[in-house]
Amino acid sequence: MSFMQITDDPTVRFGRAAAGRLALPAAPRSAGILHLGLGSFHRAHQAAYTSAAVARDGGDWGIIGVASRSRRIVDALREQDLLYSIAEISPAGMSLSAAGVHTDVFTAAEEPERVVGGIADRGIRIVTLTVTENGYSYSPATGALDTADAGVAADLTGGVPQTTIGQLARGLQRRSASGDPLTVLSCDNLAANGAHTERLVREFLAALPADEGAETLAYLDAAVTFPSSMVDRIVPSTTDQLRRDVAARLGAWDDAPVPAEPFTMWAIEDRFAAGRPAWEAGGAVFTDEVDRYEQMKVRLLNGTHSLIAYLGALRGQTLIGESIAQDSVERAARRVLRGEYLPSVDMPSGIDAREYEEQLFARWGNTALGHRTSQVGTDGSVKLGQRIPGPAALALDGGTMPHMIALTVAGYLACVAPLPGFDPGPHAAAMTDPAGRRLADLAATSRDGRELARRAIAGLQLFGDDLAGRTTFIDRVGELVDVIVGHGVDAAIGESIEASDASAASAARSQSRTKEMPR
Ligand code: CS2
């Protein structure tokens, strides 16, 4: 086998004829999967598992990848035979492998009809989704389909759908004519993501005028499954620096490399209506404990990740790895994980909480990965809505204030809804959020953190209707916003840890009193 010369000359383009130093995967014969959301996460996670499955067992499991709007990845992949490299980055260095399991890629914005047609196509047996928490068009307050959303409302009136839920519902409606079975598999960080997706699709169909959705609902009952899955791999955004580093190592220019940590995990409920790839070949776990895996991951990993992101951004740290290296942030992270998230989680069988925690801290400490605080802090209103309400409510119902979760929310508000005169710094400014505009308007007319927290969490019901009624929690969030603004983020961390120590001690005292009481 002859290797190409090492070059970072972008005119030598990575592809089947210029693989540089990488062994190429065999091209899949045809597509069995339609995937919505052609971002980096999909390409470093599900596509890698599918590649491993096809390499081991063959099968017609190529993927048609649909990007929502941006042509960036679609153009890049088309120019390089739908191949790309995965750059696994650890503190020890970078290792590259080639991935290529897509049979076609396009954008939904340009070819929306093709999305509906693809879902109805009988060759397609699984529709997978990575559209982020923000892509499901549900109301954070109630969890139900947000029919007031302009996109959903337009999709309900007919025409070619633009929202993911509209696309799924219309695609299923068309597919119901043949009755061919189908699996819809959400790969986003939502609790019970399968049931959640199914509920939204059903609500969409039920909201169609004149019983138009009734037949499709019956088809769903008979032939469509929505298994849940827990997905895990830290995947930062691709940078130009990564493209140059990859080119230097690869010996050809890959315009769409994906950076990823070495760790990867996928736990899936095995309810597939029309077959599936042997994803076990890539290490996926098929289990009936997916709910536990999801809870563990969304709370321990993602919940703590949010705290590390907001506190780090406010302290001026660009990267998650830099943030967690600060003593104060590490203490806060350990405290929220162990003291406030873990009690709300039933760990899956065979996973030890302490080992999982240590593994998480090592993963977050992988500074070479370049994972930015602003990336994790983005879309906080929808992400936190998945991560905090359950654990916060559980602690409050047990009579304990979850001070570190309150600090997470205070950090979030300080970053995306800064009170007048407060500058949260450049990393906070780089965070975007679907509720950002509304929150910034509230902040501009709020006297202090307490007023802001009340208007956001109770008024807007930012994290659902349960937390909206929990005044002591909301006031605690507001107080911590004021500490951040008045005395800095480290003061708020110190105060939260002290308060959480004090409430842990008083809980222990009252527990021992209960034990001593004569029966
Ligand atoms: C992160 C996740 O951006 C975020 O909110 O918490 O993207 C996280 O990196 C992944 O879920 C890890 O699997």
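A polar side-chain atom of Lys297 lies 2.5 Å from an oxygen atom of the ligand, a polar contact being a pair of N or O atoms within 3.5 Å; within protein, one must be able to donate a hydrogen and the other to accept it, and residues adjacent in sequence count only if both atoms are side-chain atoms. Taken alone the ligand exposes 340 Å², and the protein buries 89% of that; accessible areas come from the Shrake-Rupley method with a 1.4 Å probe, and for residues only the protein chains shown count as cover. The model is predicted: local features need pLDDT of at least 70, side-chain atom pairs count only at pLDDT 80 or more, and totals for chains, interfaces and linings use all residues. Residues are numbered from 1 along each chain as its sequence is written, and side-chain values use heavy atoms, with hydrogens and water left out.

**Ligand shell**

- Asp232 has an N or O atom in its side chain 2.6 Å from an oxygen atom of the ligand.
- For Asn302, the distance from a polar side-chain atom to an oxygen atom of the ligand is 2.9 Å.
- The residues surrounding the ligand are Asn189, Asp232, Arg233, Ile234, Lys297, Asn302, His305, His371, Val376, Lys383 and Arg387; a residue belongs here if one of its heavy atoms lies within 4 Å of the ligand.
- By class, this shell holds two nonpolar, four polar and five charged residues, where Ala, Val, Leu, Ile, Met, Phe, Trp, Tyr, Cys and Pro count as nonpolar, Asp, Glu, Lys and Arg as charged, and the others, Gly among them, as polar.
- At least two shell residues come from each of helix H10 (290-315) and helix H15 (380-387); helices (H or I, at least four residues) and strands (E, at least two) are DSSP runs, numbered from the N terminus.
- H10 gives the most to the shell, with three residues.

**Domains**

- The domain assignment of the protein chain gives domain 1 (3-286) and domain 2 (290-516), with bounds taken from an automatic or database assignment.
- The contact between them takes 33 residues from domain 1 and 30 residues from domain 2, contact meaning heavy atoms within 4.5 Å.
- The C-alpha centres of domain 1 and domain 2 lie 30 Å apart.
- Both domains give residues to the shell around the ligand, so the ligand lies between them.

**Helix H15 and Gln386**

- Seven of the eight residues of H15 are buried, so this helix is largely enclosed by the rest of the structure; buried means under 20% relative accessible area, exposed over 50%, and partly exposed in between (1.4 Å probe, protein chains only).
- The buried residues of H15 are Gly380, Ser381, Val382, Lys383, Leu384, Gln386 and Arg387.
- They pack against H10, helix H12 (327-341), helix H14 (373-377), helix H16 (389-397) and helix H17 (403-416).
- Gln386, in H15, counts as buried at 15% relative accessibility.
- The side chain of Gln386 reaches the backbone nitrogen of Ala191 at 2.9 Å.
- Not counting residues up to four places away in sequence, Gln386 touches Glu133, Tyr138, Asn189, Leu190, Ala191 and Val298.

**Tyr219**

- Tyr219 sits in helix H8 (residues 214-223) and is buried, with a relative accessible area of 6%.
- A polar atom of the Tyr219 side chain lies 2.6 Å from the backbone oxygen of Asp180.
- Beyond four places away in sequence, Tyr219 touches Leu172, Arg175, Ser176, Gly179, Asp180, Pro181, Leu182 and Val224.

**Helix H20**

- The buried residues of helix H20 (residues 449-459) are Gly449, Glu451, Leu452, Ala453, Ala456 and Ile457.
- These residues pack against H17, helix H19 (436-444), helix H21 (465-468) and helix H22 (471-487).

**Positive phi**

- Most residues other than glycine have a negative phi.
- Asp81, not a glycine, has a positive phi of about 55°; it lies in the loop between helix H3 (72-79) and strand S3 (84-90) and counts as partly exposed at 43% relative accessibility.
- Ala210, also not a glycine, has a positive phi of about 50°; it lies in the loop between helix H7 (193-206) and H8 and counts as exposed at 79% relative accessibility.
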